[in-house]
Amino acid sequence: LLLEKFVRIARTSEKVGSERLSNALVKLGQIYRKTRSIDEAMELFDEALQMQNGQDENELWVSEVMLHKGSIFECRKQYPKSLACYEESLKLRKSIAGEDEVTADTMKRVGEIHRLRGSY
């Protein structure tokens with residue numbers, strides 16, 4: 001996969017906190033989640049988050065990554081962790097974008113986790 005090659009090269013040449021590398025890690029994580037391994041996807045999401053930790057004005061980006069992590073925890077039936085990720089994603093997204101389609105979808109996911117846990 002070309003994206004995997006980019007990530008390997010960028011890990012050695014990009015500066016810490018590189019937005020290009022962080023975005024590539026997230027995209028690769030999305031691909032892995034659908035086609036390969038959710039464990040590898042989670043590692044890529046965590047690496048991307050760690051790279052962007054402390055960066056300014058990246059709330060929407062962090063919100064998206066937390067949404068992806070929440071879906072992995074949901075697949076693993078780790079509902080409390082999934083709920084925490086969805087709620088963090090929702091908080092960040094609403095603070096920047098207000099209520100939009102993604103916000104509504106995230107709210108739906110929060111409700112579904114409550115339903116699965118029997119806590120509604």
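Met-42 is buried, its relative accessible area being 6% (buried means under 20% relative accessible area, exposed over 50% and partly exposed in between, with a 1.4 Å probe and protein chains only). Met-42 belongs to helix H3, where helices (H or I, at least four residues) and strands (E, at least two) are DSSP runs numbered from the N terminus. The model is a predicted one, in which local features need pLDDT of at least 70 and side-chain atom pairs count only at pLDDT 80 or more, while totals for chains, interfaces and linings use all residues. Residues are numbered from 1 along each chain as its sequence is written, and side-chain values use heavy atoms, with hydrogens and water left out.

**Nonpolar cores**

- The largest nonpolar core holds 23 residues, of which Leu-25 and Trp-61 touch the most other members; such a core is a set of buried Ala, Val, Leu, Ile, Met, Phe, Trp, Tyr and Cys residues joined through side-chain atoms within 4.5 Å.
- At least two residues of this core come from each of helix H1 (2–13), helix H2 (19–35), helix H3 (38–52), helix H4 (59–75) and helix H5 (79–97), and H3 gives the most, with seven residues.
- Another core lies apart from this one and has six residues, including Tyr-79, Leu-83, Val-110 and Ile-113.
- With neighbours within four places in sequence left aside, Trp-61 is in contact with Ser-22, Asn-23, Val-26, Ala-48, Leu-49 and Gln-52, contact meaning heavy atoms within 4.5 Å.

**Packing of H2 against H3**

- The axes of H2 and H3 come within 8 Å and cross at roughly 160 degrees; axes are lines fitted to C-alpha atoms, for helices over the stretch in contact, and the angles run from 0 to 180 degrees between N-to-C directions.
- H2 and H3 are therefore roughly antiparallel to each other, given that angles under 35 degrees count as roughly parallel, over 145 as roughly antiparallel, 65 to 115 as roughly perpendicular and the rest as oblique.
- The crossing of H2 and H3 is left-handed, a term for a near helix turned anticlockwise from the far one by less than a right angle, whereas clockwise would be right-handed.
- From H2, the residues that meet H3 include Leu-21, Leu-25, Val-26 and Gln-30, and those of H3 that meet H2 include Ala-41, Leu-44, Phe-45 and Met-51.
- The residues of this contact of H2 with H3 divide into 11 nonpolar, four polar and four charged, where Ala, Val, Leu, Ile, Met, Phe, Trp, Tyr, Cys and Pro count as nonpolar, Asp, Glu, Lys and Arg as charged, and the others, Gly among them, as polar.

**Packing of H3 against H4**

- H3 and H4 pack at an angle of about 155 degrees with their axes 10 Å apart, which makes H3 roughly antiparallel to H4.
- The crossing of H3 and H4 is left-handed, and the contact is made by residues including Met-42, Phe-45, Leu-49 and Gln-52 of H3 and Trp-61, Val-65, His-68 and Ile-72 of H4.
- In the contact of H3 with H4, 12 residues are nonpolar, two are polar and two are charged.

**Packing of H4 against H5**

- The axes of H4 and H5 come within 8 Å and cross at roughly 160 degrees, which makes H4 roughly antiparallel to H5.
- The crossing of H4 and H5 is left-handed, with Leu-60, Met-66, Gly-70 and Phe-73 among the residues of H4 in the contact, and Tyr-79, Cys-85, Tyr-86 and Leu-92 among those of H5.
- The contact of H4 with H5 divides into 11 nonpolar, five polar and six charged residues.

**Individual residues**

- Leaving aside neighbours within four places in sequence, Met-42 is in contact with Lys-69, Ile-72, Phe-73 and Arg-76; the C-alpha atoms of Met-42 and Val-102, 60 residues apart along the chain, are separated by 21 Å.
- Gln-30 lies in helix H2 and counts as buried at 18% relative accessibility; with neighbours within four places in sequence set aside, Gln-30 is in contact with Phe-45, Glu-64 and His-68.
- Asp-39, found in helix H3, counts as partly exposed at 44% relative accessibility, and its C-alpha atom is 25 Å from that of Gln-55, 16 residues away in sequence.
- Lys-77, placed in the loop between H4 and H5, is exposed, with a relative accessible area of 60%.
- Lys-77 has a positive phi of about 65 degrees although it is not a glycine. Most residues other than glycine have a negative phi.
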